[in-house]
Amino acid sequence: MNGALITAFLRQRLTSPIRLAFLIIAGFFPLLFIAAAPAMGLAPLADSFPFSLVFGAGMIGQDVSSGVLQLLFARPVRRDVYVISRWFAASLAAAVVAVVQIGLAALILSARGATPEAGAVAIAWANHIASAFGATAPLLLLSALVAGLGDIGVLFLIYACASILQTVGAGLGHALISRIGQELQNFINPTIDFALIVNAFPSWYQLIAYLSTVTLSIALAIVIVNRKELSYASSS
Amino acid sequence: MTVGIVVEDLSKTYRRGLAGEQIRALAGVSLAIAPGEAFGIIGPNGAGKTTLLGCLLGFLRPDSGRVTIDGHDPDDLAVRTVTGYLPERLVMDRWMNGHDFLAYHHALARLPASRRASDVEAALERVGLDPLAAARAIRSYSRGMLQRIGLAQALLGEPRYVFLDEPASGVDPAGVILFRRLIGELRQRGATVVLNSHQLDQVERVCDRVAYVSKGRVEAIETMNAGATAARVLRVRWTAAAQPTSEQLAAHAAYAGAVLREAGASEARFEARDDATSARLLNSLVTAGIPVAEATPEESRLERLFLDPRPGGDA
């Protein structure tokens, strides 16, 4: 990984007013919900997917469409290092925000007299960190495939297809169609439930699906970026 | 190990549109650029200049042929550490300020962190960007400022190979002078400069050799510091004190081996076939007491190359 790439990426993300606005919305509203309904505990904080989206959208595609990749790759920077640095930086940012959000949620719950157990907070932290690093990986792949912020469009298209397939599968009573929809959804938002692991019931399928989705997404993104031709002569 | 830049039989074809229409951008380009040489690439739009530069930088993969820089592939990290590049489209990280942008590229170039602050200050000073401008976001920069910050990043770390794509395009006269001074500095310290430009006068001033590229081929390579062998029309102007007749001017032209095209009260146009003919003609006029004030070719050497490129090159 490249420290300069990671630092510059994080600075860019944290100085973008639009991203910050979305970050506040994604981070603040669940906390309001928790404050209003403390009996639900940490449940309203589903996963880190919104934060991955805020930090990760366009993480490669915007560099491609803006043209800054030419200058960047004129430097001694390996393309695989660039891709992994992008993924790590976006994941790290999403994970940190998720950890802070859970911490604030725990404080709010304590103030409302519904103090969560330390174990539950630790599991929520682990789940959200895994979710941040997981959800950013397929987004990285889509960003390598589509220029600009097109990755968000493709992501929501996949999400819509997955939802339709699940609804149709349930309506027709067709398990395979529902399963395809479910797997599509798992692909764009891979998660691990650490509660199962802690309780000695690890879901090996879930674990392997998570790791393979993340690994495959990063590997494919590297292949795509490695094959990219960067001169505008190739597109003019 | 072969030093310098070597291009061997380079070909590149693009596929466009749904039908996959093939457009041949480079068709067997071969050339060699020696270390320390300033080498220009000129040619009409769509000639393949940018594609050639893209292959030299390792941004494009040729269909066949090879590019080596000091014996390495152009995308080898060892090459990238000694390379500077200024793109034609000055697309930079617009959210950064000029100072941070240079510090970022200093880090990417793997230059020592201990020298970062001093190197960045020196680079800013070199291109004439004051600290106030360097503290502003790049998105607020004018074209000229973008060109300056772009040049500053290209020259970070004193690269041995510098690739400049239209470096003086859209720049004010002060920027053009700065650009020429920087090229002069690069040449003094032995850097190899590859310059892709439409500004023929600038290319003619700073380059040792210039390749004329057309339809994906190197049609000619002109050595700028050698005697010109192509015919040119020479415009000679003298001070009002002299009144040479057309017959006298024609006689001087005939003596020198040139041809008088047109004679006026204070100037005349001669066709000279080479440098030696031009020199004989001017010597003859001055010896005869005609106070020659100015003698200029109507087209520059590179303009003539555009008009009448000789087939093949000397690479």
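Author: Residues are numbered from 1 along each chain as its sequence is written, while chains are lettered from A and ligands numbered from 1 in the order in which they are written. Since the model is predicted, local features need pLDDT of at least 70 and side-chain atom pairs count only at pLDDT 80 or more, but totals for chains, interfaces and linings use all residues.

Reader: How do you know what confidence chain A has?

Author: By pLDDT, the predictor's confidence in each residue, from 0 to 100. Chain A averages 89, and 97% of the residues score at least 70. Confidence is lowest in helix α10 (residues 194-198) of chain A, at a mean of 80, and highest in helix α6 (residues 79-111) of chain A, at 94. Where pLDDT is low, the predicted coordinates should not be read in detail.

Reader: Why is chain A called as compact as a globular protein of its length?

Author: The radius of gyration is taken over C-alpha atoms, and the globule rule is 2.2 Å times the number of residues to the power 0.38. For 236 residues the rule gives 18 Å, and chain A has 19 Å, which is close, so chain A is as compact as a globular protein of that length. Along its principal axes, the C-alpha trace of chain A spans about 60 × 45 × 30 Å.

Reader: Why is helix α3 of chain A called mostly covered?

Author: A residue is buried if 20 or more other C-beta atoms lie within 10 Å of its own, exposed if 12 or fewer, and partly exposed in between, with C-beta atoms placed from the backbone. In helix α3 (residues 49-56) of chain A, 8 of its 8 residues are buried. Among them are Phe49(A), Phe51(A) and Phe55(A). The buried residues of α3(A) pack against α1, α2 (17-36), α6 and α7 (118-145) of chain A. Over chain A, with its 236 residues, 39% count as buried.

Reader: How do you know which residues of chain A and chain B take part in the contact?

Author: Two residues are in contact if their C-beta atoms, placed from the backbone, lie within 7 Å. The contact takes 21 residues from chain A and 26 residues from chain B. On the side of chain A that touches chain B, α1 (3-14) and α5 (68-73) of chain A each supply at least two residues. The largest share of that side, 4 residues, comes from α5(A).

Reader: What makes strands β10 and β13 of chain B a pair?

Author: Two strands pair if DSSP finds at least two bridges between them. Strand β10 (residues 232-238) of chain B and β13(B) have 5 bridges, in the antiparallel sense. Trp238(B) stands opposite Val292(B) in β13(B). These strands belong to an open sheet of 4 strands in chain B, in the order β11-β12-β10-β13, with antiparallel pairing.

Reader: Why do β11 and β13 of chain B stand at the edges?

Author: β11 (259-263) and β13 (292-297) of chain B each have a single partner strand, so one side of each is left without a neighbour in the sheet.

Reader: Why is Asp9(B) called partly exposed?

Author: Asp9(B) has 13 other C-beta atoms within 10 Å, so the residue is partly exposed. Asp9(B) lies in strand β1 (residues 5-16) of chain B, and has a positive phi of about 45° although it is not a glycine. Most residues other than glycine have a negative phi. Glu158(B), with 14 other C-beta atoms within 10 Å, is likewise partly exposed, and its phi is near 50°.
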